[in-house]
Amino acid sequence: MNEQRLHQILIRPHVSEKTAISAEMEGRHAFRVARDATKIEVRRAVEKLFEVDVKSVQIVNVRGKIKRFGQTSGKRSGWRKAIVRLAEGQDLDFTGIGS
């Protein structure tokens, strides 16, 4: 897998109250990933970019919500979420990514 594809797989970390608690207690971090990303690609991208050992990867397709805008009904776009569990004693450092 080439370097460019690694940066296209992980779009951004998914930060919420639930994922923050999960990351702190269980070492599970959530990412928004490309719609065509596989578990193996996500594992390799996280291991290469953050230099950690990945224990497991779970992928979820999140459906877009149907919302109303006045009388008009619309739909948000769906996205794909990857939940990455790290090996014992390891943590992600998001500050070192930009350089």
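Student: R5 and E41, buried or exposed?
Tutor: Both are buried in this predicted model. For R5 the relative accessible area is 18%, and the cut-off for buried is under 20%.

Student: How do their side chains meet?
Tutor: In a salt bridge, with 3.0 Å from N to O. R5 belongs to helix 1 and E41 to helix 3, so this pair ties together parts of the chain 36 residues apart in sequence.

Student: Which residues are joined with them into one network?
Tutor: The network consists of R5, D36 and E41, joined by salt bridges that share partners. D36 forms its salt bridge with R5, and the closest N and O atoms there are 3.5 Å apart. That link also spans distant parts of the chain: D36 sits in the loop between strand 2 (28-33) and helix 3, while R5 is in helix 1, 31 residues apart.

Student: And D36, buried or exposed?
Tutor: Exposed, at 52% relative accessibility. R5, its salt-bridge partner, is buried.

Student: OK, how many salt bridges turn up in the whole structure?
Tutor: Four, from a search of the whole structure. One of them pairs K48 with E3, where the closest N and O atoms are 4.0 Å apart. K48 lies in helix 3 (residues 39-50) and E3 in helix 1 (residues 3-9), so here parts 45 residues apart in sequence are tied together.

Student: What's the relative accessible area of E3?
Tutor: 41%, so E3 counts as partly exposed.

Student: Switching to helix 2. Which residues are buried there?
Tutor: T19, S22 and A23, in a helix that runs over residues 17-26. Looking down the axis of helix 2, the buried residues fall within an arc of 100°, so they line one face.

Student: What does the face turned away from the buried side carry?
Tutor: Exposed residues: E17, E24 and M25.

Student: And what covers the buried residues of helix 2?
Tutor: The cover includes strand 2.

Student: What happens just after helix 2?
Tutor: G27 comes there, and it takes a positive phi of about 75°.

Student: Where else does a glycine take a positive phi, say in the hairpin of strand 4 and strand 5?
Tutor: At G70, with a positive phi near 70°. That hairpin has two residues between the strands.

Student: What stands opposite R68?
Tutor: S73, in strand 5.

Student: Let's zoom out. How many helices and strands does the chain have?
Tutor: Three helices and six strands. Along the sequence they follow the pattern α-β-α-β-α-β-β-β-β.

Student: What box do the C-alpha atoms fill?
Tutor: Roughly 50 × 35 × 25 Å, taken along the principal axes.

Student: What share of the chain counts as buried?
Tutor: 31% of the 99 residues. As for the accessible surface, the chain comes to about 7200 Å², and 47% of that belongs to carbon and sulfur atoms.

Student: And how much of the contacts comes from residues 24 or more positions apart?
Tutor: They account for 58% of the contacts with a separation of 6 or more. The salt bridge between K48 and E3 is a link across such a stretch, as its partners are 45 residues apart in sequence.

Key: Residues numbered from 1 in each chain as written. Predicted model: local features only at pLDDT ≥ 70, side-chain atom pairs only at ≥ 80, totals over all residues. Heavy atoms only, no water. Pairing = 2+ DSSP bridges. Helix = DSSP H or I, 4+ residues; strand = E, 2+ residues; numbered from the N terminus. Buried < 20%, exposed > 50% of the residue type's maximum accessible area, 1.4 Å probe, protein only. Arc of directions from axis to C-beta. Contact = heavy atoms within 4.5 Å. Areas by Shrake-Rupley, 256 points an atom, 1.4 Å probe, with all protein chains shown as cover.
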